[in-house]
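Hi,

Here is the structure I said I would pass on to you.

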Amino acid sequence: MASFKSLLLRVEVRSAGKKCHCAHSAKHVILKGELRVVVKAPGIATPEKGYCGVCGAAMIKRAESELADLRAQLSHNAQ
């Protein structure tokens, strides 16, 4: 059987190499060494966007909710 493809596009948590600003809110500063959520859009030579912990956690929470909705649709359809 073939392996499943990941629904998570290129997402990871890693420390900032230098001081930068959150891609969602420029008011949020990410200091060197702080953990941030890094998202790389699909495609060749696409840039990475870094999000502070607050915005990153909100994005993850929203994604969890969207996945739960999809799971519920599938389980409802299976009955």
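A quick word on the ground rules. This is a predicted model, so local features need pLDDT of at least 70 and side-chain atom pairs count only at pLDDT 80 or more, while totals for chains, interfaces and linings use all residues. Residues are numbered from 1 along each chain as its sequence is written, and side-chain values use heavy atoms, with hydrogens and water left out.

**The pocket**

What is the volume of the largest pocket? About 320 Å³. A pocket here is an open set of points on a 1 Å grid over the protein atoms alone, where a 1.4 Å probe fits, with protein on both sides within 12 Å along at least five of seven lines; lining residues have an atom within 4 Å of a point. Points are joined across faces, edges and corners, and the volume is the space filled by probe spheres set on them.

The lining includes Leu 7, Leu 8, Val 37, Val 39, Gly 56 and Met 59. By type, the lining residues split into 10 nonpolar, 1 polar and 1 charged.

**The strands**

Strand β4 has partners in β1 and β5. With β1 (residues 10–15) β4 pairs in the antiparallel sense over 6 bridges, and with β5 (residues 48–51) β4 is joined by 4 bridges, again antiparallel. Two strands count as paired if DSSP finds at least two bridges between them. Look at Val 37 in β4: Val 37 is the bridge partner of Val 13, and Val 37 also stands opposite Tyr 51 in β5.

The cut-offs are under 20% for buried and over 50% for exposed, with partly exposed in between (1.4 Å probe, protein chains only). Leaving out residues up to four places away in sequence, Val 39 touches Arg 10, Val 11, Pro 47, Glu 48, Lys 49, Tyr 51 and Met 59; contact means heavy atoms within 4.5 Å. From Val 39 to Gly 56 is 17 residues in sequence and 9.7 Å in space, C-alpha to C-alpha.

Thr 46 sits in the loop between β4 and β5. Its side chain reaches the backbone oxygen of Ala 41 at 2.6 Å. Ala 45 is in the loop between β4 and β5, and its phi is near 55°, a positive value in a residue other than glycine. Ala 45 counts as exposed because its relative accessibility is 74%.

Ala 26 lies in the loop between β2 (20–21) and β3 (29–30), and is exposed at 58%. The C-alpha atoms of Ala 26 and Ser 65 are 26 Å apart. Lys 5, in the segment before β1, is exposed at 79%.

Happy browsing!

Note on methods: Nonpolar A, V, L, I, M, F, W, Y, C, P; charged D, E, K, R; others polar. Helix = DSSP H or I, 4+ residues; strand = E, 2+ residues; numbered from the N terminus. Polar contact = N/O pair within 3.5 Å; in protein donor to acceptor, adjacent residues only side chain to side chain.
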